[in-house]
Every structure is written in C-alpha cells, then in structure tokens.
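Opening the notebook on a new chain today.

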Amino acid sequence: MSFRTGFLPNAWKIADIVPIPKTVPVQKDKLRPISLLPVISKVCEKMVLTNSYSFLMSFYDDFQFAYRKNSSTVCALITIHDAILRFLDDPDICAVRVITFDMSHAFDSVSHFMLLQRFLETRSQDSTCMLFIRWLTDYLSNRRQRVRLGEVTSAFCDVTSGVPQGSILGPYLFVIFMSSYNTCYPSTKIIKYADDVTIIIPVKKFDFYDMSHVSCEIENFASWCRNHRMLINADKTKVLNVNLSNIPLPSVPSLKNVSSLKILGLIFNEKLTWSDHFDFMIAKLSRRLYVLRILRQLMCHNDLVLVYNCIIRSVMDYASPVYINPGVSCGKRLRRLCKRAYRIIHGQDDSCNLCDMLNMTVRRELLSMRLFQKAKDDTHHILHRLLPHTSNRSDRLILPTVRTTRRMQGFVFACAMRHNEKL
C-alpha cells in the first residue's frame, strides 16, 4: 500500500545514530556513526527492492561493481588487474597510471533533487519509473535523526541530503547517483565500487611526458564532483605509476604520487608484483597467530580449526584469484606461516604436508577456477566480458596472442589455459 499510494509513514523515517569507536582509547573525532532505522521500514524497503530490482539495475552502468548480483570486490580487482595487463601488453604503451579518487562523506552528500532528476532524465515516460519516483520523493522527504548514546538522546534534526544510512535502498540509490560520471577518453578504463572510483590511463611511448590526458581526466572528475555537490578528499586521492621501464614517469602535480597503492584491500605496486601485499598480509596474519596460541589452552582441536578459518584463512582467501600466480618467494612465505599455524593447532606431525591447511596453491587455484567457471557459464556475470571466446566446435577457449609472460599469469589467461588443459 505504501508503494501504491506513494506514501511512507513519518514514524518509519526516524533514525537513531549510535557512535561506535574506531580506536581504543576512544577519541571523539574517531567515531563511526551507525544508523538504526525502524525494522518495519527496512521490511518495506526490502519488498520494494525485491519488486524493483530489475528496474533499478537498468540505471546501473557497466563500470559499477557494487550492490549487484554476480559481482564483488574481487571481480572489481580482477578487472583492474586485467586492464593494466592488457595495456602493458600493447607494444605502443610503455606505462600505466592508476588513480584512485576518494570522496568525503559521499553517501551523506547526495542531492535529493539531482537523484530524482537522474531517474526522470533517463526514464521520464515510463509508468513504473513515475510510480517509483513518487514513492521515492516521499521516502527521502521529512526524514529526521538523532544521536543516541546509552539511554541519552539528542534532539531531532532534519536530514536534507544523502541517502538514508543503514537502509536497504540507500546503497542502490547512491550507485545510481554515481552512474552519471564517465571518463573523457574512451581509452581510459574506469572501475567503480560504490564511492571508490579508480581510473586507469595508458601512457603511450610517443607522449611519455605529455600530461594533458591525465590532467583532463582529473579535471573531469573534479568538475563532476562540483556539479553534483560532492567533495574530493585530496589526502586520500593517489596516483600509482606502473612503469616497467627504467625511465621514471613524471609525477602528477597536485596529487599524491605513491609507489604502492591499496585498492579494495589489495596492494598494487609500481612493478606490478605482489611482494608489498604479501608483506602486509603476512604481518597481519602473524599477529593473529598469537590469538591461536592463547586459545589453544582453552579450546578443543575442532574449535581451533574454526577460529583459524575465520581469522586467518579468510584473509588468505580474499582476492586470491587476482594473484593466482604470486611468485615463488611469496608462495614460500605464505607456506611458512601456514606451517606455524598448523603446529599451533595440530602440534608436531609428519603428515602436515598432506593437510589442507598447507595446500594454499591448490586452494588458490580451486577458488580461481570456481569463479572462472561461474563467469564462463553465466552470460550476465560481470566478468563474462573479460573471458576469451569459446570455439564453435568445442568448449575450448580461443586464447589471444600475448607478448608478455606477466599477462599469461593473470587471472583470465591463467584460468583459460587451465580450462583448456582439462578438456
């Protein structure tokens, strides 16, 4: 009835903001605001999303990886890595610039008027769209929130911008708001994950020192942010120059030029090796081994294995298809850490080489092939467009000609070769 009448009760638009500390000890400028909405309101939003999902997906662009089926941060990272490898495999391209943009309070800065205009300008004559816009207009209006800390609450204040935090529809509305941004040049690759925007700019040999391409893309994004009332966080906007030659690329002015860059939890460096990411990951996991040592005195064997899977294996598995071939030294370092974890849980045992805990290479290939097969079988999968074409006479994939070994070790090419070998 709410959707049919285009009316949402005002009692369903009230939010309590609960501040959660980011650090210990607690600092007042290091608090994460968690928005708590009425349960009945979220049930209503879930029903609207279920019935309007296909309609909302029609506003998505092909570069957005967040909040859609058959997509994830891993898919976004694979696409970024594959785009870099494809550029570097081109004989006319000698380097690649990777720029990550960060926006301050992006979800809270969305203009309600511009969001509604985005729907109107795209599907203004659609009856379904008009019905949704009527309901969405009331959904965004007359919202109020207050801060609650224990039993103490502040006075209510009006919410005049942004998508409702903690809501079901909020992330989808934000992604649709972001879909109007595009790049200047067709050669520039763009990957969006909600408010994380990454652009990949190729550098050709004959314009090695030309900065006009980069300057145009930076100004284009800055102009889009100004027009849509978004604020760029200059401190977190960074440039990574992936340059395989000995001649250094000129730095991009006004932005922070770095030798390694973390994108969605994965660290890329200027030589496109995984040593920096493995340094970070192994340091993080080494600290977590201490938890296993303490819990060994309190838990049984099966519970320790469960804790290992939760706090250690989950970190090793994350984005592992991206670095399906991490290199010999990185593989050895990870195996040594797994042996330490194995001995904490199982003790000294000669059969440890047969344990699933130590077969990280096999597990990484298993996760990679599982994702590859899913993308191959589903034409709607967001990675399907990256895969080679299938032969008309068999299930064999037709691999393109490549120049560099580095591209052969990427997810798409490596999994395609393994797929052909199994036929």
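Here are my entries, from the whole chain down to single residues.

**Ground rules.** I'm working with a predicted model, where local features need pLDDT of at least 70, side-chain atom pairs count only at pLDDT 80 or more, and totals for chains, interfaces and linings use all residues. Residues are numbered from 1 along each chain as its sequence is written, and side-chain values use heavy atoms, with hydrogens and water left out.

**Whole chain.** I looked up the radius of gyration, taken over C-alpha atoms, with the globule rule being 2.2 Å times the number of residues to the power 0.38. For 423 residues the rule puts a compact globule near 22 Å, and the chain's 24 Å agrees with that. Along the principal axes, the C-alpha atoms fill a box of roughly 65 × 65 × 50 Å. I find 13 helices and 14 strands; these are DSSP runs numbered from the N terminus (helices H or I, at least four residues; strands E, at least two). Of the contacts with a separation of 6 or more, 68% link residues 24 or more positions apart, a contact being heavy atoms within 4.5 Å.

**Burial.** My classes are buried under 20% relative accessible area, exposed over 50%, and partly exposed in between (1.4 Å probe, protein chains only). By that scheme, 47% of the 423 residues are buried.

**Helix α13.** How many of the 12 residues of α13 are buried? I get 9, so the helix is largely enclosed by the rest of the structure. Among them are Phe-411, Phe-413, Arg-418 and His-419. The buried residues of α13 pack against α3 (73-88), α11 (360-377) and α12 (405-408).

Val-24 and Pro-25 are joined by a cis peptide bond, omega about 5°, and Pro-25 sits in the loop between β1 (14-21) and β2 (31-36). I also noted Asn-142, with phi near 60°, in the loop between α5 (127-140) and β5 (143-149). Ala-194 has a positive phi too, about 55°, and belongs to the loop between β8 (189-193) and β9 (196-204). Buried or exposed? Asn-142 is exposed at 56% relative accessible area, whereas Ala-194 is buried at 5%.
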